[in-house]
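Subject: The structure we talked about

Hi,

Here is the structure, with the sequence alongside. Please have a look, and my notes follow below.

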Amino acid sequence: MQPSNDRLRGAEGGSENAVDHRGAADLRCAEAPESPGYDDPWYDALASGWGEPAGAGAPEPAAVPSMRPEPPQAPPRAAADVYLEVQRSAAFQEVRSRYRRFVVPAVAAFLVWYLAYVVTATTAPALMARPVVGSVNVAMLAGLGQFLTTFLLTWAYARHARLRRDRAALELRWDTQELTRGARGGVSS
């Protein structure tokens, strides 16, 4: 077997393919000293211990005390208790109420409109076949109206969520995360 360096230089012009060259490049990268990996935002060699030379035997660093004074700890609560507390809160009930006040009438109106279209198409085919303009008939306009109302309903839902629910839901989520972090013993990330 020939060394990978010869394949890269093309010493034998034989039947090597791109896979051979890619394997040689991977081998060459593996032999290179490890780079700190600054290009990868998820790479944290110092925190994870990766990237340390094998057998370096570096002593474990001492724990650094927090600069913030620790607040008095309340008795620990389970995360399930936190979620139940949030669910019973007035803020959560208000978000759910705003959601229901929009979704229930919108879904009911859309289902009535859709069922009216289907029932009319099956029970009154002569009405649906009536021409409106040229070869465009009532059934085509009603079918296109179904698509239009779907897009309008999607837009209205996104607008309602953005204006009336998203901020309150985000605050609830933040509060819940803070409470569950306290329930897990003050672990922060």
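Met140 sits in helix α7; helices here are DSSP runs of H or I with at least four residues, strands are runs of E with at least two, and both are numbered from the N terminus. Before you read on, please note that this is a predicted model, in which local features need pLDDT of at least 70, side-chain atom pairs count only at pLDDT 80 or more, and totals for chains, interfaces and linings use all residues. Residues are numbered from 1 along each chain as its sequence is written, and side-chain values use heavy atoms, with hydrogens and water left out.

Back to Met140: it counts as partly exposed because its relative accessibility is 44% (buried means under 20% relative accessible area, exposed over 50%, and partly exposed in between, with a 1.4 Å probe and protein chains only). Met140 also belongs to a nonpolar surface patch, together with Val132, Val133, Val136 and Leu141, and these residues have about 420 Å² of accessible area together. The elements giving two or more residues to this patch are β1 (131–133) and α7 (138–183). For patches, residues must have over 30% relative accessible area and no salt bridge; like charges are joined within 9 Å, and nonpolar side chains (Val, Leu, Ile, Met, Phe, Trp, Tyr) within 5 Å. The areas come from the Shrake-Rupley method with a 1.4 Å probe, and for residues only the protein chains shown count as cover.

A polar atom of the Asn137 side chain lies 2.9 Å from the backbone nitrogen of Met140, and one lies 3.3 Å from the backbone nitrogen of Ala139. Leaving aside residues up to four places away in sequence, Asn137 touches Met128, Ala129, Arg130, Pro131 and Val132, where contact means heavy atoms within 4.5 Å.

Now to the charged side chains. The structure holds 2 salt bridges, each being a side-chain nitrogen of Lys or Arg within 4 Å of a carboxyl oxygen of Asp or Glu. Glu94 pairs with Arg98, with the closest N and O atoms 3.0 Å apart, and Glu94 also pairs with Arg101, where the closest N and O atoms are 3.5 Å apart. Glu94 is partly exposed at 33% relative accessibility, and Arg98 is partly exposed at 27%, whereas Arg101 is exposed at 53%.

Finally, the chain as a whole. The protein chain has 7 helices and 2 strands, in the order α-α-α-α-α-α-β-β-α along the sequence. Of its 189 residues, 12% are buried. The accessible surface comes to about 15500 Å², and 62% of that belongs to carbon and sulfur atoms. Among contacts with a separation of 6 or more, 51% are between residues 24 or more positions apart.

Best wishes

Terms used: A polar contact is a pair of N or O atoms within 3.5 Å; within protein, one must be able to donate a hydrogen and the other to accept it, and residues adjacent in sequence count only if both atoms are side-chain atoms.
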